Structure formats: structure tokens, C-alpha cells
Amino acid sequence: MRGWQEALDAGLPAALIRSCLLGAAVALIATPLGATAGRALGWRLLRRPALPSVVLLAPVVLAPFAVAMGLDVVILRLGIPEEIALVLVLSVFALPYTTFTMRATYLGLDPALEEQARVLGASSRQARHRVTLPAATTGLATATGLAFLVGWSDYAVTLLIGGGQIVTAPMLLGSSAAGSGNDALTATLAIAASLPPLAALAAFTYAASRRSRAARP
Amino acid sequence: MTAALHLSSITHWHPGGDQPTLADVDLEVQEGEMIAVLGPSGSGKTTLLRVAAGLERPESGDVRLAGTSVLDVPPERRDLTMMFQKPHLFPHLNVLDNIAFADRLRGRSRSQSRTAAQRYLDLVHLGDLGRRRPRQLSGGQEQRVALARALAASGRVMLLDEPFSALDTGLRTSMHQLLVEVRAALDPTIVLVTHDLDEAGLAERVAVLVEGRIEQCDTISALYTAPKTVAVARLLGGFNELPGIVESGVHHSGLGAFVLPAAAHVEGIALLLVRKERLALVDPEAAATVTGRVVEVRQSGPHQNVVVELDRPPADRRARVEVEVRLGTAVRPGSRVGVVLPGPEGLWAVSGHVPDHSPQTQEARRRQSGSRL
């Protein structure tokens with residue numbers, strides 16, 4: 001209990017909320033962008049898909065530290081507020097995950113579904129919103145989860161862009177592990193930082209299994 | 001009377017194609033009529049439907065629904081619906097909600113649209129499966145639901161793009177029966193694309209599409225008895241082609257002279273067309289029209305097709321005819337047989353360019369050129 005008390009005193013609730021907001025903001029940006037890019041790649045709507053694929057994969061291929069350092073300089077010059085800059089940079093890192101998750105999802109969906117909806121009376125927007133996106137729910141949920149985790153669990157980019165001023169759960173954990181020597185506090189922070197995504201994963205898996213059970217004859 | 005659907009002078013090119021997918025196609029479908037578009041793979045059948053539906057834009061021509069041009073109208077506002085080769089049921093909706101989809105788009109309440117959908121589901125004999133997901137259905141059930149969904153969309157015209165081609169023979173037959181029932185109940189206007197002759201026979205008229213051109217649009221029996229072109233005859237199959245020349249309603253070839261029916265308005269070089277089931281095998285010593293040697297016996301459903309190489313070919317090359325006989329007819333390869341051709345009612349001729357250099361034809365040709373002089 002001492003560890004929990006110390007974690008509360010160190011600002012754990014505020015850090016968890018900040019991480020949660022960061023994850024949500026990253027998911028909010030990277031998921032729709034990833035869905036759009038994934039649709040174009042999965043349904044081969046681009047004449048030359050190789051270059052966009054390489055560009056979209058670049059953030060996971062290159063060392064995050066190097067990318068963040070480079071972008072940090074750009075952000076400083078442009079005078080973008082740290083919080084916004086952090087969300088934008090993390091969204092760039094989340095984009096490959098959301099794009100390629102959605103690409104796989106769209107590969108499994110027949111583009112003719114939208115044409116079918118059109119000839120049943122749906123506009124192209126209605127076809128996308130009422131048919132394609134609902135049919136891609138599982139992929140969208142997975143992409144959202146991955147984007148959220150990129151924001152939730154980031155340490156290096158938050159440290160570089162935030163300059164130690166934006167204290168998230170991983171930042172709190174990192175500083176405790178590096179300098180406090182307080183094993184109880186570090187363990188408590190580690191558990192506290194791991195529990196929310198684990199709980200979300202368990203809830204998602206449970207919902208998915210219920211859905212597939214309900215669909216069985 | 002204004003046609004329910006009128007495609008006029010439609011020409012369409014696929015990007016990069018070296019010939020048009022559709023070349024100056026005209027097709028008129030009356031209210032409540034069912035018309036089949038029959039053609040080999042790659043003849044432009046599906047493109048024709050996609051142009052009608054607004055999923056493809058033609059380079060020239062017009063699409064009219066009840067007399068109004070809809071060329072610039074998007075598919076969702078064309079008042080027609082289309083059923084594809086695959087059922088394309090929406091995986092996130094259950095069967096009932098799939099059928100209710102068009103009604104929901106029109107702003108009807110969930111319960112109203114589901115009640116209406118249930119009626120269409122009953123019509124396709126799947127009344128109990130409304131709550132199932134598409135992946136829980138068999139292929140035949142999926143197509144029935146797709147048909148119910150297309151009917152529920154209540155478009156002025158239903159476009160069916162080979163919807164039953166992926167089903168096995170038994171299921172296809174039951175879908176044909178269902179289509180007949182649906183027509184009796186709702187009297188929809190239907191354009192059915194198919195390469196199946198039995199399926200085409202369900203329609204009042206059949207438009208034969210070959211290499212992007214409509215070669216003939218007529219009843220199925222007219223296609224079988226009086227094909228307008230060689231391409232139509234070859235697509236239907238079962239015709240024997242005998243080259244020769246037509247002079248004053250008589251076809252002359254190495255086999256002799258055959259009086260043609262009055263409706264065959266052909267002159268000059270022409271192919272005599274005789275259906276294989278109109279030929280009869282007889283003893284070679286009997287009063288046969290021609291004689292020959294059996295070279296092959298093939299079973300085809302409840303019949304046998306006997307291929308006979310003629311002793312007296314109609315041209316200066318080997319000629320064979322195919323004769324359909326009942327299963328179990330005692331005939332073997334190598335045996336000599338006589339072949340009897342039918343009277344004028346069983347013959348037809350189309351302009352053809354297959355050369356015939358037999359003396360009889362040459363003589364007829366000389367007479368013809370002499371009479372022209």
C-alpha cells in the first residue's frame with residue numbers, strides 16, 4: 001500500500017489522465033487517416049502504391065529517436081505548442097499501424113459492396129458510412145487500439161518533444177525507475193501503467209468473442 | 001409506348017482497349033418485360049448492365065428510363081437496381097436488415113422496413129432466416145436473399161448480372177423457378193445477363209451480344225429456328241453449317257439444291273444451317289439425302305451426337321455433320337450411314353463468307369452472274 005500511496009503523491013492520477021488523453025488524441029487523428037490510406041492501398045485505388053507504402057512505413061523503419069529529434073527542431077522553429085506537436089508526431093508514428101491494419105481489413109472486403117449499396121439507392125457517402133465502415137468495424141477497433149497504445153505507452157518522443165514538462169504515466173515510471181531506487185513505487189507505477197490497456201484488451205476480446213458466438217448458428 | 005429502359009447507340013471503351021466494349025448498342029425493354037442478354041465471356045454483357053446502372057459512363061449514346069435521359073444521374077437516383085454475380089450481402093447486417101436496406105435509405109422506420117422486408121423474404125421461401133447473418137447462409141440462400149433485397153429496392157428496372165452462374169445445376173433450376181414465381185407475383189421489368197441458354201429461355205426476348213454488338217434480339221425459338229448471323233448460330237450451338245450459294249430462294253452446294261423457307265431473305269454466298277436434331281440417320285441404301293461414314297459418337301445428356309464425314313462434301317474439303325439421335329441408338333464409328341435433311345421448314349441460311357468451290361456451286365455462281373448481266 002505504501003507504493004500506491006507514494007504513486008498517488010507522485011501525481012499518478014494526473015499522469016494516467018494525460019496518457020489517456022494523449023492516446024485518445026493520437027487515435028482520433030491516426031485512425032481516420034489510416035483508414036483512408038488503408039482503403040486506397042487495400043482496394044488498389046492508387047496507380048503506383050509503392051512510394052506511398054514506403055513513406056507510410058518510414059516511421060517504424062527509422063529509429064524513433066532520430067525521427068523525433070529531427071521533428072523537434074522543425075517544431076521549435078515553427079513555434080507549435082508542445083502538446084499539439086507531441087500529438088502530431090505520435091500520430092505520424094501511429095499511422096503505419098493504422099494504415100496497414102486497415103489495408104488488411106480492406107483487402108478482405110469486396111469493393112463491390114459499395115457498388116451494390118449504390119444500386120440499392122445509397123450515395124457514395126452513404127455507401128461508405130452505412131456499408132463499408134460498419135463492415136470494417138473489427139479492423140477499425142484494432143487500428144484505434146494500436147494508435148491509442150502508441151500514444152499511451154510512448155516515452156522517448158514525449159521526453160524529447162515535451163522536454164520533461166508533459167508528465168505521462170510512462171514518463172513517471174521512467175523517472176522512478178531511473179533515479180528513485182524505490183522499487184515499490186516503480187512496481188506500482190508499472191502495474192498502474194499496464195492495467196488500463198490490459199483491461200481494454202480484455203474488454204475488446206470479450207466483445208469480439210460474444211459477437212462471433214452470437215453469429216454462430 | 002414508352003420503354004421502361006432504352007439504351008440507344010451506346011458505345012463504350014475500356015481504358016487501353018483496342019476495340020470498343022460496346023459498339024453502337026441499342027436495346028429497348030418494355031414495362032414488365034424480361035429480356036435476356038446472351039453472349040460469350042468478354043462480349044460486353046456486364047458492361048452493358050453497368051452502363052445502364054450508371055456504374056460506367058459510355059463514350060456516346062443515351063440511357064433512358066421511362067423516356068427520361070439518366071446519363072448524368074448517379075446510380076442511386078436512377079430508379080433501378082442491380083444484382084451481381086456474387087450476392088454481396090452486407091456482412092454487418094442480418095438477412096432482414098439486408099433486405100430492408102433500401103427502405104431504410106428512403107427514410108422508413110426500422111420496424112416498417114423490416115415488416116416490408118419480411119414479405120420479400122417470404123416470397124423467396126426463406127421466411128424463417130431473417131435473423132441470420134449472411135455468413136450463416138448457403139450459396140443458394142445468399143442468392144435468394146440478394147434477389148429479395150433487389151426486389152425490395154422496388155426500382156423501375158431490375159438488372160441481373162449472371163446472378164445464378166455460380167450455383168450448381170439443381171440450385172440454378174430452383175432459382176429459375178423462383179424467378180418465374182416472382183415475375184408472376186410482382187411483374188418486374190428485368191434485364192438478365194447470362195451465358196446459359198436455358199436461363200435465357202426464361203425471358204420473353206433474348207438479345208445476343210457478340211464482341212460488343214447486338215447481333216439479334218428475338219424470342220429464343222426464333223433464335224433457334226432463324227438466327228440472323230453465323231455468330232448467333234455458333235453461340236447457340238447445335239447448327240451444322242454447309243457452305244454454298246443461294247439463288248432464288250434455293251441453296252446450292254455440293255450436297256445438292258435445298259429450298260429455303262420464304263422468311264430466309266438471303267442471296268449469294270450463304271451458309272445453309274441445319275440443326276443437329278432436325279437431321280436423321282438412315283440406312284445408306286435408303287433414300288438418304290447424303291451418305292457418309294461415322295467418325296465419332298459422343299454422349300450429350302439424354303442424347304447421342306453422331307459425327308458423320310460426308311462422302312460428297314459441299315465444298316472441296318472434308319465436311320462433317322453432327323446428328324443428334326436418341327441414347328442407345330446402335331451406331332459405331334466407322335459404320336456407313338445415310339443422313340436425311342429436313343424440308344424447308346427445318347432449314348435456314350445466313351450470308352456467309354466460307355468459300356465453296358464445288359462444281360454445283362460454281363455453276364450456280366455462273367448462272368447468277370449471267371442473270372445479273
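## A parallel pairing in chain B

In chain B, strand β3 and strand β8 (residues 189–194) run parallel and are joined by 5 bridges. Helices (H or I, at least four residues) and strands (E, at least two) are DSSP runs, numbered from the N terminus, and two strands pair if DSSP finds at least two bridges between them. Within this pairing, B:I35 stands opposite B:V191 of β8(B).

This is a predicted model, in which local features need pLDDT of at least 70, side-chain atom pairs count only at pLDDT 80 or more, and totals for chains, interfaces and linings use all residues. Residues are numbered from 1 along each chain as its sequence is written, while chains are lettered from A and ligands numbered from 1 in the order in which they are written.

## Strand β3 and its surroundings

Strand β3(B) also runs parallel to strand β9 (residues 205–210) of chain B, with 4 bridges between them. There, B:A36 has B:V206 as its bridge partner.

## The antiparallel sheet of chain B

Chain B also holds an open sheet of 4 strands in the order β2-β1-β4-β5, with antiparallel pairing. Its edge strands, β2 (22–29) and β5 (68–69), each pair on one side only. Strand β1 (residues 5–12) and β2(B) are linked by 5 bridges, and B:H12 has B:L22 as its bridge partner in β2(B).

Helix α1 (residues 45–53) of chain B packs on this sheet, touching β1, β2 and β4 (60–65). The direction of the helix makes about 120 degrees with that of β1(B), where axes are lines fitted to C-alpha atoms, for helices over the stretch in contact, and angles run from 0 to 180 degrees between N-to-C directions.

Chain A has 11 helices and 0 strands. Of its 217 residues, 41% count as buried, and its C-alpha trace spans about 65 × 50 × 25 Å along its principal axes.

The contact between the chains takes 18 residues from chain A and 21 residues from chain B (two residues are in contact if their C-beta atoms, placed from the backbone, lie within 7 Å). On the side of chain B that touches chain A, α3(B) gives the most, with 3 residues.

Terms used: A residue is buried if 20 or more other C-beta atoms lie within 10 Å of its own, exposed if 12 or fewer, and partly exposed in between; C-beta atoms are placed from the backbone.
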